Amino acid sequence: MDETVRDVGAGFATPASNPAASNVGVGAPVAWHGSNGPDQGTGSNGVLGDHAGNGASAAGDGAGGATVDGSGGGPSSLAVGIDVGGTGVKAAVVDLATGTLVSPRIREKTPVPSSPEAIADTIAHIIERIEASGRDTQGLPSGAGLPGVVKEGWLRTAANIDKSWLATRAEDVLERHLSRHVLIINDADAAGLAEMRYGAGVGRKGVVLMLTIGTGIGSALFVDGRLVPNTELGHLEFHRRDAETLVSGAARERRKLGWKAWAREFDKYLDRVYRYLSPDLIILGGGVSKETKQYMQYLTPRGPLEVARLLNAAGIVGAALAAAEAQGYRPPESAGVREIVAAG
Ligand code: BGC
């Protein structure tokens, strides 16, 4: 199901859910504050460590896309976001001032095998389709979320993507096939950046953990709004197994578990995570965040828990944001309030 994102006008705001009333914030994922909270990463695109920040000079990479739009006019906040998942590759042009998609969100099936070349070709095709829709992407910063540990343009682990990614520098392959620089970032880290900037994490200090539950389980850890990259909490040992092989969305289907049975196990996994990290907030995202009605009532979180607000767009928006910030882009203090509308 595709989704579009609709501006509901700055000034209108849905109160942040009140974790004191209940630990579970299951409010409909419709509206959220813009980026009017504390600065989340001035000077280093909100990332702790060496990842995704290697191009963080205000001068950018020469394309000038972070500060000058394709028409050579005024400042632009547009960037291309790409989300490489286990079943689908999705991309769109994002307006980072608002966190909204300003092109169609195009999705194609993840190729099998999901080798770097095959994925790069799929992305090239998706970008052609975005351009055919009338949205120019030339010169825009581009970022791609990939399901693995990302260091200096390399994918260093590959649990849910073809292992051949480990043998070649991912950013080089993408640049060769797409004739543009594409910053890579862990997919969950990307989704987390988007939620912190435009969604359930806006203004949230302390330790915030985003978990994405889909083909695997991804994690993005924030300390006072700054990302600690590549946390990989989906691979915690759980019942002597790799947790995501038991409680990811794909594992639920593979194991033919109903929502209740799955939720009971997932609840134990969550409990483990609360014990290890004592997070001030956990944000649940990924494919299963669309199905909260099916399982939220079975969760017994020992701390505040909220559902991601950006739904399918989080990975795209976050990858675009990371790419633009690596080139020096800084979003305005207040991004207003936006509404995501699930269409079709
Ligand atoms: C990968 C993570 C990724 C997660 C969600 C896991 O298998 O190791 O890097 O974030 O899946 O895609």
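The model is a predicted one, in which local features need pLDDT of at least 70, side-chain atom pairs count only at pLDDT 80 or more, and totals for chains, interfaces and linings use all residues. Residues are numbered from 1 along each chain as its sequence is written.

The protein chain holds 8 helices and 19 strands, where helices (H or I, at least four residues) and strands (E, at least two) are DSSP runs numbered from the N terminus. Of its 344 residues, 51% are buried. Here a residue is buried if 20 or more other C-beta atoms lie within 10 Å of its own, exposed if 12 or fewer, and partly exposed in between, with C-beta atoms placed from the backbone. Among contacts between residues at least 6 apart in sequence, 73% join residues at least 24 apart; two residues are in contact if their C-beta atoms, placed from the backbone, lie within 7 Å.

The ligand is surrounded by 15 residues, and the closest are Pro-147, Ala-159, Ala-188, Gly-216 and Gly-218. A residue is taken as near a molecule or strand if its C-beta atom, placed from the backbone, lies within 6 Å of it. By class, this shell has 3 nonpolar, 9 polar and 3 charged residues. In this scheme Ala, Val, Leu, Ile, Met, Phe, Trp, Tyr, Cys and Pro count as nonpolar, Asp, Glu, Lys and Arg as charged, and the others, Gly among them, as polar.

Two of these ligand neighbours lead on to elements of the fold. Ala-188 is one of the buried residues of helix H3, as are Asp-187, Glu-195 and Tyr-198. Helix H3 (residues 187–198) has 12 residues and reaches 17 Å from its first C-alpha to its last, close to the 16 Å expected at 1.5 Å a residue; the expected span is 1.5 Å times one less than the number of residues. Because 12 of the 12 residues of H3 are buried, the helix is largely enclosed by the rest of the structure.

On one side of the sequence, strand E12 (residues 207–213) pairs with E13 in the antiparallel sense over 7 bridges, pairing being called if DSSP finds at least two bridges between two strands. Leu-211 has Ser-219 of E13 as its bridge partner, and a hairpin of 3 residues joins E12 to E13. E13 also pairs with strand E14 (residues 226–228), again antiparallel, over 3 bridges. There the bridge partner of Val-223 is Arg-226. The hairpin between E13 and E14 has 2 residues between the strands, and Asp-224 in the turn has a positive phi of about 50 degrees.

Glu-244, placed in helix H4 (residues 244–247), is buried, with 25 other C-beta atoms within 10 Å. The C-alpha atoms of Glu-244 and Gly-218 are separated by 8.7 Å, although the residues are 26 apart along the chain. Beyond its neighbours within four places in sequence, Glu-244 is in contact with Gly-216, Ile-217, Gly-234, His-235 and Ala-251.

The largest nonpolar core has 86 residues, of which Val-94, Val-317 and Ala-320 touch the most other members. Such a core is a set of buried Ala, Val, Leu, Ile, Met, Phe, Trp, Tyr and Cys residues joined through C-beta atoms within 7 Å. Helix H8 (residues 314–326) gives the largest share of this core, 10 residues. Leaving aside neighbours within four places in sequence, Val-317 is in contact with Gly-81, Val-94, Gly-99, Ala-194, Tyr-198 and Leu-310. H8 has 13 residues and reaches 18 Å from its first C-alpha to its last, close to the 18 Å expected. As 13 of the 13 residues of H8 are buried, this helix too is largely enclosed by the rest of the structure.

Some backbone details deserve a look. Most residues other than glycine have a negative phi, and most peptide bonds are trans. Glu-232, however, has a positive phi near 55 degrees and counts as partly exposed, with 19 C-beta neighbours inside 10 Å. Ser-278 has a positive phi of about 40 degrees; this residue is exposed, with 11 other C-beta atoms within 10 Å. Val-112 and Pro-113 are joined by a cis peptide bond, with omega about -5 degrees.
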